[in-house]
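Subject: Structure handover

Hello,

Here is the structure I promised to pass on to you.

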Amino acid sequence: MRALILVDIQNDLLPGGALAVPDGDMVIPIGNAVQADFGLVVATQDLHPADHGSFAANHPGRQPGDVIQLAGLDQILWPRHCVQGSSGAAFAAGLNLERIARVFPKGTDATIDSYSGFFDNGHRKATGLGDYLREEGVSSVYVMGLATDYCVAFTALDARQLGFETFLITDGCRGVELTTGDTERAIDEMKAASVRCIESTRI
Ligand code: VGL
Ligand code: ZN
């Protein structure tokens, strides 16, 4: 069976949000349209406590974009975003949630970030998504959402590493582009790891 993974399609990642992805709202109608093509639909949700270590505001003197050490890993500092219980953490209003079988929260541990829907950035703890997909008999996953150069890429790369045939729905993603070219580099990295690119209309 094939599964659709909707990555972090949340208000704070949309234009006007705290960590706005340019044209991030463009992925919503695509996410809605492709759901019918899948036997299983799951979503990841970036869900940070207010004291999360990835927020620049929690490190006096630091700015978003600075890089620090967190849990022994390089950590880009972000604006405060997707805080548990906030409207910014909620799924985009236009996203159809009815067919989402399970939501996998991530980034809930203040001491480490989690871009991937499968593991934290240190690969120390699993979210349960991998086991769940296996239990459901999934062999192929199709990944889309926000943002291409962070959570989408990390999710697709982990899916490959776990042995799933993995597709990136190219028009269903948008990148943050902290640095110009980040999105293209992320796509190249995914391709090098045998993630296959597909347009939503060709699924
Ligand atoms: C994301 C940075 C921090 C994402 C989440 O969803 O791509 N990026 N938190
Ligand atoms: Zn985050």
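Below is what turned up when I went through the model, arranged by region.

Please keep in mind that this is a predicted model.

**The zinc site**

Let me begin with the zinc ion (ligand 2). Asp46 (OD), His48 (NE2) and His81 (NE2) coordinate this ion, at 2.0 to 2.2 Å. Its site is irregular, the angles among the four donor atoms being 86 to 173 degrees. Along the sequence, the spacing of the donor residues reads D-x1-H-x32-H. Distant parts of the chain are linked here: aspartate 46 belongs to strand β2 (residues 40–46), while histidine 81 lies in the loop between β4 (73–76) and β5 (100–106), 35 residues apart. Aspartate 46 and histidine 81 are both buried.

**Salt bridges**

How many salt bridges does a search of the whole structure find? The search gives four. Lysine 106 is buried, its relative accessible area being 2%, and aspartate 46 is buried at 5%. A network of salt bridges links Asp8, Asp46 and Lys106.

Another salt bridge joins arginine 196 to glutamate 165, with 2.8 Å between the closest N and O atoms. Arginine 196 sits in strand β8 (residues 196–198) and glutamate 165 in strand β7, 31 residues apart, and the pair thus links distant parts of the chain. Are these two residues buried or partly exposed? Arginine 196 counts as partly exposed at 45% relative accessibility, and glutamate 165 counts as partly exposed at 33%.

**Helix α4**

Aspartate 182 is buried, with a relative accessible area of 15%, whereas arginine 185 is partly exposed at 47%.

The buried residues of α4 (residues 182–192) are Asp182, Thr183, Ala186 and Met190. They lie on the same side of α4, because the arc they cover around the axis is only 100 degrees. On the other side of the helix, Glu184 and Ala192 are exposed. The cover over the buried residues of α4 includes α3 (148–161) and β7 (165–174).

Isoleucine 187 is also in this helix. Leaving aside residues up to four places away in sequence, isoleucine 187 touches Thr148, Leu168 and Cys197. Isoleucine 187 and cysteine 197 are 10 residues apart in sequence, and their C-alpha atoms are 8.5 Å apart in space. After α4 comes serine 194, which has a positive phi near 70 degrees.

**The β3–β4 hairpin**

Finally, strand β3 (residues 67–70) pairs with β4 in the antiparallel sense, over four bridges. Opposite valine 67 stands isoleucine 76 of β4. Two residues lie between the strands of this hairpin, in which alanine 71 has a positive phi near 55 degrees.

Definitions and conventions:
Residues are numbered from 1 along each chain as its sequence is written. Chains are lettered from A and ligands numbered from 1 in the order in which they are written. This is a predicted model: local features need pLDDT of at least 70, side-chain atom pairs count only at pLDDT 80 or more; totals for chains, interfaces and linings use all residues. Side-chain values use heavy atoms; hydrogens and water are left out. Donors are N, O and S atoms within 2.8 Å of the metal (3.2 Å for Na, K and Ca); water is not among the atoms, so sites may look incomplete. Four donors count as tetrahedral if all angles lie between 85 and 135 degrees; four count as square planar and six as octahedral if opposite donors are over 155 degrees apart and all others between 65 and 115; anything else is irregular. Buried means under 20% relative accessible area, exposed over 50%, partly exposed in between (1.4 Å probe, protein chains only). The arc is that of the directions from the helix axis to the C-beta atoms. Contact means heavy atoms within 4.5 Å. Two strands pair if DSSP finds at least two bridges between them. A salt bridge is a side-chain nitrogen of Lys or Arg within 4 Å of a carboxyl oxygen of Asp or Glu.
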